[in-house]
Amino acid sequence: MSRHQRGEMALMFPTMKMLESLAGFRDLASLMEHARGLASTAPITPVMPRPAWAQGERRILLAADAAYPEVGKLDPAGAGKASCEILPGVVTWLSDKVRRIASPNPHFMRGPGTNTYLIGASDDIAVLDPGPAMEAHVHALLENAGGRIRWILTTHTHGDHSPAARLLKEKTGAELIGMPPPPFDHQDQSFVPDRILADGERIAIAGCVIRAIHTPGHASNHLCYLLEDERLLFTGDHIMQGSTVVINPPDGDMRQYLASLRKVQQEDVAWLAPGHGFLMDQPRERIERLLAHRQSRENIVLAALGNLERATIDQLLPVVYADVPRERFPMAARSLMAHLIKLRDEGRAVESEGQWWRVSNPS
């Protein structure tokens, strides 16, 4: 392996991956013990690499790579034609009806940037989540629309999803569709919808039929949109790739968020198109993992409350989020508060003067 890395010896990709796996064992006996254990507990899953490109170079993706499902959808023959990177202003065709353009606002919580989707099976175009109020991004949307922008939809009104709607409407006269912003911080009060959607409402736009699904939790006015004939769900920030969603009270609500996840899990969906990241497959399994993660975090909160007896948010944070870097504690504190409020509303925790404790025998 060292010779390969120094360029002295060429090894094929499968050989390299096999050697990397073998290198984790100290001897043959430990390897065989591990192999026998695998054979008795679970089937062996084949490794199926997928070629793609990024930064002008050929890449090989494995199942754990973020772009792996999307590359498989866009390049099923494995010709290596699909990109495995999201670049601001660059158009990615996800289907005959859907294109993605990311805005230039990368962040560790937003990945490469906010995804804006251009939807259309006719000369008229709908824009979903126009993103932050950045002239460069608005220009990219206008340049790449390929038709008249007649509708602008938003999943919710956080600052990285809806503010460009006003700029885009000024330039196109398009109809604004979504739910109005709630009266809280971090909400885009400039978004005034021309049409307010109800849960389950179907709308015919750009030659497509899209169904709105109200999914409060991350934001009380959050909507997901299902492109029914493609079984493609635009998830906004309800489900993101590479990061769990921050639930920020008072507008964010953990109980509603979990209920919304279960609601979406019952839909007939093949693909998730998130507000941040690549297309994701296996929606029900992914949602189940999100639910399990939230339940695991809640269990840690309950255990911490029991061990500390009475504790403040600052005392709970390093215990509950021991796996999170301290520079991210301010955001973690919001979701921690959401967990605590959920437990309080369920009668399993009590708060007084900034201190929280666990109820031993909730009724």
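A residue counts as exposed when its relative accessible area is over 50%, as buried when that area is under 20%, and as partly exposed in between. Asp123 has a relative accessibility of 65%, so Asp123 is exposed. Keep these cut-offs in mind, since they return below. The model shown here is a predicted one.

Start with Asp123. This residue sits in the loop that links β5 (115-119) to β6 (124-128). Setting aside neighbours within four places in sequence, Asp123 is in contact with Gly147 and Arg148.

Now step back to the whole protein. It has 363 residues, and 46% of them are buried. Its secondary structure consists of 10 helices and 16 strands. Along the principal axes, the C-alpha atoms fill a box of roughly 70 × 60 × 35 Å. The accessible surface is about 18,100 Å², and carbon and sulfur atoms account for 52% of that surface. Consider also the contacts between residues at least 6 apart in sequence. Of these, 55% join residues at least 24 apart.

Next, look at one sheet. Strands of a sheet pair through backbone hydrogen bonds, and the pairing can be parallel or antiparallel. Here 5 strands form an open sheet in the order β10-β11-β12-β13-β14, and the pairing is mixed. The edge strands are β10 (202-205) and β14 (271-274); each has a single partner strand, so one side of each has no neighbour in the sheet. On average, neighbouring strands of this sheet are turned by 30° against each other, with direction ignored.

Strand β11 covers residues 208-214, strand β12 covers residues 223-227, and the two run antiparallel, joined by 5 bridges. To find a bridge on the model, go to Ile210, whose partner in β12 is Leu227.

The cysteines come next. A disulfide is a covalent bond between the sulfur atoms of two cysteines. How many disulfides does a search of the whole structure find? The count is 0. The cut-off for a disulfide is a sulfur pair within 2.5 Å. Cys224 is buried, because its relative accessibility is 0%. Cys84 also counts as buried, because its relative accessibility is 15%.

Last, turn to the backbone. Most residues other than glycine have a negative phi, and most peptide bonds are trans.

Pro250 belongs to the loop between β13 (232-236) and α7 (254-265).

Another is Arg231. Its phi is positive, about 55°, although Arg231 is not a glycine. Arg231 lies in the loop from β12 to β13. Its relative accessible area is 36%, so Arg231 is partly exposed.

The remaining stop is Glu353. This residue is not a glycine either, yet its phi is positive at about 50°. The loop between β15 (349-352) and β16 (355-358) holds Glu353. Is Glu353 buried or exposed? Its relative accessibility is 79%, so Glu353 counts as exposed.

Methods: Residues are numbered from 1 along each chain as its sequence is written. This is a predicted model: local features need pLDDT of at least 70, side-chain atom pairs count only at pLDDT 80 or more; totals for chains, interfaces and linings use all residues. Side-chain values use heavy atoms; hydrogens and water are left out. Two strands pair if DSSP finds at least two bridges between them. Helices (H or I, at least four residues) and strands (E, at least two) are DSSP runs, numbered from the N terminus. Axes are lines fitted to C-alpha atoms, for helices over the stretch in contact, and angles run from 0 to 180 degrees between N-to-C directions. Buried means under 20% relative accessible area, exposed over 50%, partly exposed in between (1.4 Å probe, protein chains only). Contact means heavy atoms within 4.5 Å. Accessible areas come from the Shrake-Rupley method with a 1.4 Å probe; for residues, only the protein chains shown count as cover.
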